[in-house]
Amino acid sequence: MPLVRIDLSAERDNAQAIADGVHQALVDSIGIPATDRFQILTRHPAAELIADPSYLGVQRHDVVFVQISLVGGRPTDLKVALYRRIAEVLAPLGVRGDDLFVTLTENGLADWSVGNGEAQLLGLGTVPGLPT
Amino acid sequence: MPLVRIDLSAERDNAQAIADGVHQALVDSIGIPATDRFQILTRHPAAELIADPSYLGVQRHDVVFVQISLVGGRPTDLKVALYRRIAEVLAPLGVRGDDLFVTLTENGLADWSVGNGEAQLLGLGTVPGLPT
Amino acid sequence: MPLVRIDLSAERDNAQAIADGVHQALVDSIGIPATDRFQILTRHPAAELIADPSYLGVQRHDVVFVQISLVGGRPTDLKVALYRRIAEVLAPLGVRGDDLFVTLTENGLADWSVGNGEAQLLGLGTVPGLPT
């Protein structure tokens, strides 16, 4: 937890670095532990990733889609900080801000098993980064 | 926003037309702007797409899975209209109604960044198609 | 409904058996009908599945990711039973408990169309396995 899906073009040759960057941004902005890393990358032919070229004034050419499932409860300002930080970290990796699409889906502490068929977050009672 | 995942058999040779159709149905039925299009297609070997052949009286042979993330708040009648419209639009493309599976996951305005590390929907304060 | 995404290494040669096992665990633990089976498998190069090797004391080598969308309302004890049962069923298939990652995303009865552009669960008014 979180679980991060990254869907990007197979023509990008640095998918691992992009995945590293997305995780670093989660650590930097919303307090995810460095060791709390779970990511699924899927590399696609360019035609399988469809994005309007200009919706809401953004100029898209080659979108990287980042879909994050995480425990709910972060306030809006932390979410805003997360988006900004992902953009900052990925820019030097050739992902233009215009080409970054991020969406979040929230669930609860009971909705995660990170191994051994246990619901570890119930025992923790919270997750790092949530307001207390 | 919305973000639409379409998982379908690699044996279908008109994945792009199917993606066009799903988007058109969103525009027609729940007021998504024509330019608000974000889709991830994944083409699978047929064995990777598993669906019961007859659950709830439907006769499935070759299912197209459509998983839509969108801002919450549409009333039930609009969701019902969306499913019906997707089926109508895809039928001429060789997707039998029986082979259409759709599910929605809702989130909030703060849960989207459609470019440049910004949370654009917060500035808009709403999204098209929501009751006001 | 439910819709189950299973992302696993292409080096595993028994993806179909693993999918069978995940479904059996849903039937055994939370009352999903045997015929209510909808699964999307995606086989990945090992490098595309990223998991910390030891977060929360688990020893991960080759993670199988299971992402389940289902109608909300199951109590915590049923979710805990589900995770345990998936681990039990998959162990004989070479999926070590340490390598099993499960997460749930809940939605509502109006959020499903399992064929023909209809919202079948609205007509049912509930789904099997929910407390009444």
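In this predicted model, chain B can be laid on chain C by a turn of 120° with a shift of 0.0 Å along the axis, and the RMSD of that superposition is 0.0 Å. The two copies are thus related as by a three-fold rotation axis. Chain A is likewise superposed on chain C by a rotation of 120° with 0.0 Å of shift along its axis, again with an RMSD of 0.0 Å.

**Approach to the rotation axis**

- Among the residues of chain B, Thr105(B) comes closest to the rotation axis, its C-alpha lying at 4.6 Å.
- In chain A the residue that comes closest to the rotation axis is Thr105(A), with its C-alpha at 4.6 Å.

- An open sheet of six strands runs in the order 6(A)-5(C)-4(C)-1(C)-2(C)-3(B), and its pairing is mixed.
- Strand 6 (112-113) of chain A and strand 3 (49-51) of chain B stand at the edges of this sheet, and because each has a single partner strand, one side of each is left without a neighbour in the sheet.
- Within chain C, strand 1 (residues 3-9) and strand 2 pair in the parallel sense over six bridges, and Ile40(C) in strand 2 is the bridge partner of Arg5(C).
- The path from strand 1 of chain C through helix 1 of chain C to strand 2 of chain C is a β-α-β crossover, and this crossover is right-handed.
- Strand 2 of chain C is mostly covered, since six of its seven residues are buried.

**Strand 2 of chain A and its partners**

- Six of the seven residues of strand 2 (residues 38-44) of chain A are buried, so this strand is largely enclosed by the rest of the structure.
- On the side of its own chain, strand 2 of chain A pairs in the parallel sense with strand 1 (residues 3-9) of chain A over six bridges, and Arg5(A) stands opposite Ile40(A) in that pairing.
- Together with helix 1 (residues 15-30) of chain A, strands 1 and 2 of chain A make a right-handed β-α-β unit.
- Strand 2 of chain A is also joined by three bridges to strand 3 (residues 49-51) of chain C, the two running antiparallel, and Gln39(A) stands opposite Ile50(C).

**The largest pocket**

- The largest pocket holds about 190 Å³ of space and is lined by 14 residues, with Thr42(A), Arg43(A), Thr42(B), Thr42(C) and Arg43(C) lying nearest its centre.
- The elements that give two or more residues to this lining are strand 2 of chain A, strand 2 (38-44) of chain B and strand 2 (38-44) of chain C.
- Sorted by class, the lining of the largest pocket has two nonpolar, six polar and six charged residues.

**Helix 1 of chain C**

- Ala17(C) is found in helix 1 (residues 15-30) of chain C, where this residue is partly exposed, with a relative accessible area of 28%.
- The C-alpha atoms of Ala17(C) and Ile30(C) are separated by 20 Å, the two residues being 13 residues apart along the chain.

Terms used
Residues numbered from 1 in each chain as written. Chains lettered and ligands numbered in written order. Predicted model: local features only at pLDDT ≥ 70, side-chain atom pairs only at ≥ 80, totals over all residues. Heavy atoms only, no water. Buried < 20%, exposed > 50% of the residue type's maximum accessible area, 1.4 Å probe, protein only. Helix = DSSP H or I, 4+ residues; strand = E, 2+ residues; numbered from the N terminus. Pairing = 2+ DSSP bridges. Right-handed = clockwise from strand over helix to strand, strands pointing away. 1 Å grid on protein atoms, 1.4 Å probe; cavity = no way out; pocket = protein on both sides within 12 Å on 5 of 7 lines; lining within 4 Å. Points joined across faces, edges and corners; volume = space filled by probe spheres on them. Nonpolar A, V, L, I, M, F, W, Y, C, P; charged D, E, K, R; others polar. Least-squares fit on C-alpha atoms with pLDDT ≥ 70 in both.
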